[in-house]
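Let's talk it through in questions and answers.

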Amino acid sequence: MREAPQDERRFVGPRRRLIELIRDRGIQDLEILQAFDRVPRHRFVPEGMWHRAYEDAPLPIGWGQTTSQPSLQALYLSVLRPRAHEQILEVGTGSGYLTALLACLAGRVYSVERIRELSKRARKALDALGVMNVALLVGDGSIGWRKYAPFHGIVVTAASPAIPPALLEQLADGGRMLLPLGTLEAQELVLVQKEGGEVTTQTVQSGCTFVPLLGRFAWPDEVRGGER
Ligand code: SAM
């Protein structure tokens with residue numbers, strides 16, 4: 001990843017403070033903390049939000065979507081813990097910030113976003129930082145990305161009523177998937193593991209609120225009130 005230019009040095013202090021906060025929340029893994037140091041979050045949010053980019057808060061990214069709270073993204077990374085030889089599927093590229101963090105740890109990241117404009121903006125931000133090991137697709141991520149399956153890890157950053165069957169199918173044996181499951185109002189972050197064809201689930205955190213997953217394996221229109 002390229003070095004930050006001189007005029008971006010003003011973000012270094014706030015970024016370091018965010019990393020300290022993440023460490024205080026119990027994430028001690030050096031490679032994960034280094035990823036937060038290498039990826040400038042402000043480059044993934046609209047310029048009007050730059051002054052808030054290093055707050056531990058979700059931020060609006062347009063089209064009714066948000067980039068999640070960094071400490072929650074750190075939790076995703078520590079539970080999934082991608083390794084350098086692994087390929088990871090991300091469902092919900094959003095801003096591309098988590099994509100870039102995943103790309104620091106994994107061999108290759110495949111990320112699907114249903115909103116074309118967000119995917120385009122994420123591509124621009126990733127290219128500007130010289131992130132090379134990411135492939136983006138515009139489409140319904142609830143059906144995965146069959147062409148590159150199986151995946152060692154799958155992260156879903158939008159809430160779902162159940163584990164999308166296509167994602168489970170595209171998870172490698174020995175692989176792990178992290179996704180928010182529950183109702184439209186509240187979800188639990190659930191770790192799904194596949195071992196010898198057997199699937200186990202475990203709650204990592206309760207009381208989460210994510211934007212809903214849309215698409216074939218999500219809530220039907222009438223439940224979501226017709227949102228497209
Ligand atoms: N991790 C992202 C980041 O760092 O910006 C945040 C993603 S945001 C919480 C969830 C994203 O999932 C939204 O951009 C939304 O458009 C996308 N999404 C919802 N349903 C989807 C689907 N079926 N396929 C792909 N993307 C979907």
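Predicted model: local features only at pLDDT ≥ 70, side-chain atom pairs only at ≥ 80, totals over all residues.

Residues are numbered from 1 along each chain as its sequence is written, and side-chain values use heavy atoms, with hydrogens and water left out.

Q: What is the strand order of the open sheet of seven strands?
A: Helices (H or I, at least four residues) and strands (E, at least two) are DSSP runs, numbered from the N terminus. Two strands pair if DSSP finds at least two bridges between them. The pairing here is mixed, and the order reads S5-S4-S3-S6-S7-S8-S9.

Q: Which strands stand at the edges of the sheet?
A: An edge strand here has a single partner strand, so one side of it is left without a neighbour in the sheet. That applies to S5 and S9 (198-208).

Q: By what angle are neighbouring strands of this sheet turned against each other on average?
A: Axes are lines fitted to C-alpha atoms (for helices, over the stretch in contact), and angles run from 0 to 180 degrees between N-to-C directions. For this average, direction is ignored. The value comes out at 15°.

Q: Which strands does helix H3 touch where it packs on the sheet?
A: Contact means heavy atoms within 4.5 Å. H3 covers residues 70-80, and its direction makes about 160° with that of S6. The strands it touches are S3, S6, S7, S8 and S9.

Q: Why is S6 described as largely enclosed by the rest of the structure?
A: Buried means under 20% relative accessible area, exposed over 50%, and partly exposed in between (1.4 Å probe, protein chains only). S6 spans residues 151-156, with four parallel bridges to S3 (residues 87-91) and four parallel bridges to S7 (residues 171-182). S6 is largely enclosed because its buried residues number five of the six.

Q: Which residue is the bridge partner of Val155 in S7?
A: Val155 also has Glu90 as a bridge partner. Elsewhere along S7, Arg176 stands opposite Gly153. The partner of Val155 in S7 is Leu178.

Q: How many residues lie between S7 and S8 in their hairpin?
A: S7 and S8 pair in the antiparallel sense over seven bridges, and Gly182 stands opposite Gln187 in S8. The number of residues between the two strands is four.

Q: Which residues of H5 are buried?
A: H5 (residues 116-128) has 13 residues. On the face turned away from its buried side sit the exposed Arg116, Lys120 and Lys124. The buried ones are Leu118, Ser119, Ala122, Ala125 and Leu126.

Q: Is His42 buried or exposed?
A: His42 lies in the loop between H2 (30-38) and S1. Not counting residues up to four places away in sequence, His42 touches Glu8, Phe11, Arg15, Trp50, Ala53 and Tyr54. With a relative accessible area of 0%, His42 is buried.

How values were computed. Expected span 1.5 Å × (residues − 1).
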